[in-house]
Amino acid sequence: MNCQMPMNLESVDPQARAFPPSWRDAAIRALYDPSVNGVICPNCKQVFRGLKQLRMLHGDHIIPYTRGGPTTWENLQLLCQGCNLAKYNHVHDDQKNKGR
């Protein structure tokens with residue numbers, strides 16, 4: 001995430017496999033774009049609005065967990081289900097220096 005971690009979030013072991021739901025929810029709040037009234041998937045640029053659509057966003061490791069990426073706020077991004085599944089355990093070239 002390119003913004004500061006909210007103070008009220010639960011602490012998480014950096015070695016944990018998944019981001020807690022509260023982190024995904026905080027990321028949605030942090031990434032909400034009022035100009036589009038929603039959150040934009042950074043890969044496909046689709047806009048997600050309303051609870052039903054926002055639930056389709058996944059907390060994803062920028063540096064994949066399977067490649068040693070930590071479960072930290074700095075290594076969190078929100079991707080739609082399609083982009084997250086397509087990414088698998090790859091790192092996009094523009095993301096290689098983020099998340100660590």
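This is a predicted model: local features need pLDDT of at least 70, side-chain atom pairs count only at pLDDT 80 or more; totals for chains, interfaces and linings use all residues.
Student: How many helices and strands does the chain have?

Tutor: Helices (H or I, at least four residues) and strands (E, at least two) are DSSP runs, numbered from the N terminus. Here there are three helices and four strands, and along the sequence they follow the pattern α-β-β-α-β-β-α.

Student: What share of the chain is buried?

Tutor: Buried means under 20% relative accessible area, exposed means over 50%, and partly exposed is in between (1.4 Å probe, protein chains only). Of the 100 residues in this chain, 39% are buried.

Student: Which residues of helix 1 are buried?

Tutor: Here's a general idea to keep in mind: an α-helix has 3.6 residues a turn, so residues three or four places apart point the same way. In helix 1, the buried ones are Trp 23, Arg 24, Ala 26, Ala 27 and Ile 28.

Student: And what do the buried residues of helix 1 pack against?

Tutor: Contact means heavy atoms within 4.5 Å. The buried residues of helix 1 pack against strand 1, helix 2 (50-54), strand 3 and strand 4 (76-80).

Student: How many salt bridges are there?

Tutor: A salt bridge is a side-chain nitrogen of Lys or Arg within 4 Å of a carboxyl oxygen of Asp or Glu. By that rule the count is two. One of them joins Arg 24 and Asp 25, with the closest N and O atoms 3.2 Å apart. Asp 25 is partly exposed, at 31% relative accessible area.

Student: Which residues does Asp 60 touch?

Tutor: Leaving out residues up to four places away in sequence, Asp 60 touches Phe 19, Asn 75, Leu 76, Gln 77, Leu 79, Asn 84 and Lys 87. Take Asn 84 from that list: its place is in helix 3, and Asn 84 is buried at 14% relative accessible area. With the sequence neighbours up to four places away left out again, Asn 84 touches His 58, Asp 60 and Leu 79.

Student: Can we look at a loop residue as well? Where does Gly 38 lie?

Tutor: Gly 38 lies in the loop between helix 1 (21-31) and strand 1 (39-40). At 1% relative accessibility, Gly 38 counts as buried. Its contacts, not counting residues up to four places away in sequence, are with Leu 31, Tyr 32, Asp 33, Val 47, Phe 48 and Arg 49. The C-alpha atoms of Gly 38 and Ile 28 are separated by 8.7 Å, and the two residues are 10 apart along the chain.

Technical notes. Residues are numbered from 1 along each chain as its sequence is written. Side-chain values use heavy atoms; hydrogens and water are left out.
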